[in-house]
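This report goes through one protein model, from local backbone features to the overall fold. The sequence and coordinates come first.

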Amino acid sequence: MDPTTDNAGNTGGPGTARASLEALRAEIAKAVVGQDPAVTGLVVALLCRGHVLLEGVPGVAKTLLVRALASALELDTKRVQFTPDLMPSDVTGSLVYDTRTAQFSFQEGPVFTNLLLADEINRTPPKTQSSLLEAMEERQVTVDGTPRPLPEPFLVAATQNPVEYEGTYPLPEAQLDRFLVKLTIPLPSRQDEIDVLTRHASGFNPRDLRAAGVRPVAGPADLEAARAAVAKTTVSPEITAYVVDICRSTRESPSLTLGVSPRGATALLATSRAWAWLTGRDYVIPDDVKALALPTLRHRVQLRPEAEMEGVTADSVITAILAHVPVPR
């Protein structure tokens, strides 16, 4: 499928790029209850060629959410369970000696896929965590001096437990900055939890998403068409300045030791454009920036210890900045 789109990505028929991604969101909802913001964040990351970090306590369907996304996409997917004894070569691959040819050949690791589910990424030591750095930024893996490109599209969807949980290794700032968005998965509301239990009582099996009715509804061609439409979304100079002012304010906040880098500002502009296109517009407004500021920036700032002891959070600092930075008219 390769629809011809106008600036807003419209073709007038049901098979538009936007319709495919809306169907993707609906398909994921067949398996995951009450996590619409996280589903939207995943779709935005796909549009921006970015990676996603999902954080939440164990048992809130982080892994199920990514598996449902994989089932609803016609993409190759692989999963790595990060454990304390996992080695970098277990992720990237390694050279293997072939006794038949008396030569070394490269055996690809699970990172050679379209959608990599990095499960509980902060349960493995930093050495193995860093094995993803080149893959996430350069979209290639270098082994024995030879760079090997990864498939396109390529997305890392990593889950992690909150850092205060036992047996976790906090991700370094350099790696956090390579995630386009950080999505927090909260505990469900009472009604959502009732819906989850009702589904299980009716025979829902999270290990068999096909039986739950989750079907592929979008593929690489849909993503390319959507990304081309997002690239045509107009950004006014006032919006660009607004994004810069928000990010510069984080660097001046007394509650933070580390503010948002220029790469973070670029990320916020990209996610705002994707959200504007998803909502049916071919131009960005301040509300788009506000809507994506928290997931795009929360992992790119670092709190001062004294502020953290007073109960200040990254989200509260960013929310306060959004309230004070002048909004363009």
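The model is predicted. A61 sits in the loop that links strand 1 to helix 3. Its phi is positive, about 75°, although A61 is not a glycine. With a relative accessible area of 29%, A61 is partly exposed, because that class lies between the 20% limit for buried and the 50% limit for exposed.

R49 is another non-glycine residue with a positive phi, here about 55°. The loop between helix 2 and strand 1 holds R49. R49 is partly exposed as well, at a relative accessible area of 36%. Most residues other than glycine have a negative phi, and most peptide bonds are trans. The peptide bond between E152 and P153 is cis, with omega about 0°. P153 belongs to the loop between strand 7 (146-149) and strand 8.

How many of the 11 residues of helix 3 are buried? Eight of them are, and the helix, which spans residues 62-72, is mostly covered. The buried residues are K62, L64, L65, V66, A68, L69, A70 and A72.

The cover over these buried residues includes helix 1 (17-28) and helix 2 (36-48). Strands also contribute, among them strand 1 (52-55), strand 2 (77-81), strand 5 (115-119) and strand 8 (155-160). For L69, the contacts beyond four places in sequence are L24, I28, L42, L46, L115 and L155.

In soluble globular proteins, nonpolar side chains tend to be buried together. The largest nonpolar core here has 71 residues, and L21, L24, L65, L69 and W277 touch the most other members. Helix 2 supplies the largest share of this core, with nine residues.

Is T128 buried or exposed? T128 is buried, because its relative accessible area of 2% is under the 20% cut-off. T128 is part of helix 5 (residues 126-129).

T92 is found in helix 4 (residues 88-92). T92 is buried too, at a relative accessible area of 12%. Setting aside residues up to four places away in sequence, T92 touches F106, E108, G109, V111, F112, S131 and V141.

## Overall fold

The protein contains 14 helices and 11 strands. For 329 residues, a compact globule would have a radius of gyration near 20 Å, and the value for the protein, 20 Å, agrees. Along the principal axes, the C-alpha atoms fill a box of roughly 70 × 55 × 45 Å. Among contacts between residues at least 6 apart in sequence, 77% join residues at least 24 apart.

Of the 329 residues, 48% count as buried. The accessible surface is about 15,400 Å², and carbon and sulfur atoms account for 53% of that area.

Key
Residues are numbered from 1 along each chain as its sequence is written. This is a predicted model: local features need pLDDT of at least 70, side-chain atom pairs count only at pLDDT 80 or more; totals for chains, interfaces and linings use all residues. Side-chain values use heavy atoms; hydrogens and water are left out. Helices (H or I, at least four residues) and strands (E, at least two) are DSSP runs, numbered from the N terminus. The radius of gyration is taken over C-alpha atoms; the globule rule is 2.2 Å times the number of residues to the power 0.38. Buried means under 20% relative accessible area, exposed over 50%, partly exposed in between (1.4 Å probe, protein chains only). Contact means heavy atoms within 4.5 Å. Accessible areas come from the Shrake-Rupley method with a 1.4 Å probe; for residues, only the protein chains shown count as cover. A nonpolar core is a set of buried Ala, Val, Leu, Ile, Met, Phe, Trp, Tyr and Cys residues joined through side-chain atoms within 4.5 Å.
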